[in-house]
Amino acid sequence: ARDHPRTINSVRPLLHTLANADDNEAVRRLAILALRNGSPQRDTIVLLQGIAEEDGLSRETRQAAAKVAAGLDKRAKTR
C-alpha cells in the first residue's frame, strides 16, 4: 500500500470510522496504522490529531495516532 496510496484512499472513509469509533482498540490502532500509507489529506491528519488527544484511550493508541499524524503532516508539507 505504501507504493499505491490509492488502495488506502479507496477505503479511507471506512478507516476513519474504524479509527475513530470502533469498540476494539486493536482495530482502532490497525486502522490508524493503515492510514499511514494513504495520501496525506488534511481531514485524516486532523482526525488522527484528535485521537492522539482523546482521553480514555490507551497510551499506545494515542501515540500511534500522533506518530501517523506527524508523518502525514510532514509528507503534506514536502509536496
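Analyst: A residue is called buried when its relative accessible area is under 20%, exposed when that value is over 50%, and partly exposed in between. Please keep in mind that this is a predicted model.

User: Which residues of α3 are buried?

Analyst: Seen down the axis of α3, the buried residues fall within an arc of 100°, so they line one face of the helix. The elements that cover them include α1, α2, α4 and α5. The buried residues of α3 are R28, A31, I32 and L35.

User: Is L33 buried, partly exposed or exposed?

Analyst: L33 belongs to helix α3. Because its relative accessibility is 33%, L33 counts as partly exposed.

User: Which residues of α2 are buried?

Analyst: The buried residues of α2 pack against α1 (5-10), α3 and α4. On the other side of the helix, P13, L14 and A21 are exposed. The buried residues of α2 are R12, L15, H16 and A19.

User: How wide is the arc within which the buried residues of α2 fall, seen down its axis?

Analyst: An α-helix has 3.6 residues a turn, so residues three or four places apart point the same way. In α2, the buried residues are R12, L15, H16 and A19. They line one face of the helix, because they fall within an arc of 105°.

User: With which residues is L18 in contact, leaving aside its neighbours within four places in sequence?

Analyst: L18 is located in helix α2. With a relative accessible area of 24%, L18 is partly exposed. Once the neighbours within four places in sequence are left aside, L18 is in contact with V27, R28 and A31.

User: How far apart in space are L18 and S58, C-alpha to C-alpha?

Analyst: L18 is part of helix α2. Along the sequence, L18 and S58 are 40 residues apart; in space, their C-alpha atoms are separated by 16 Å.

User: Are α2 and α4 roughly parallel or roughly antiparallel to each other?

Analyst: The two helices, α2 (residues 12-21) and α4, pack with their axes 11 Å apart and at an angle of about 10°. Angles under 35 degrees count as roughly parallel. The helices α2 and α4 are therefore roughly parallel.

User: How do the residues of the contact of α2 with α4 divide into nonpolar, polar and charged?

Analyst: On the α2 side, the contact is formed by R12, H16, A19 and N20, which meet D43, T44, L47 and I51 in α4. The residues of this contact divide into 3 nonpolar, 3 polar and 2 charged.

User: How far apart are the end C-alpha atoms of helix α5?

Analyst: Helix α5 covers residues 59-77, which is 19 residues. At 1.5 Å a residue, the helix should span 27 Å. The model agrees with this expectation, for the end C-alpha atoms of α5 are apart by 27 Å.

User: Which elements are included in what covers the buried residues of α5?

Analyst: T61, A64, A65, V68, A69, L72 and D73 are the buried residues in α5. They cover an arc of only 160° around the axis, which puts them on the same side of α5. What covers them includes α3 (25-35) and α4 (42-52).

User: What distance separates the C-alpha atoms of R59 and R6?

Analyst: Along the chain, R59 and R6 are 53 residues apart, and their C-alpha atoms are separated by 30 Å.

User: How far apart in space are A66 and E53, C-alpha to C-alpha?

Analyst: A66 sits in helix α5. At 36% relative accessibility, A66 counts as partly exposed. A66 and E53 are 13 residues apart in sequence, and their C-alpha atoms are apart in space by 8.3 Å.

Note on methods
Residues numbered from 1 in each chain as written. Predicted model: local features only at pLDDT ≥ 70, side-chain atom pairs only at ≥ 80, totals over all residues. Heavy atoms only, no water. Helix = DSSP H or I, 4+ residues; strand = E, 2+ residues; numbered from the N terminus. Expected span 1.5 Å × (residues − 1). Buried < 20%, exposed > 50% of the residue type's maximum accessible area, 1.4 Å probe, protein only. Arc of directions from axis to C-beta. Contact = heavy atoms within 4.5 Å. Axes fitted to C-alpha atoms, helices over the stretch in contact; angles between N-to-C directions. Parallel < 35°, antiparallel > 145°, perpendicular 65-115°, else oblique. Nonpolar A, V, L, I, M, F, W, Y, C, P; charged D, E, K, R; others polar.
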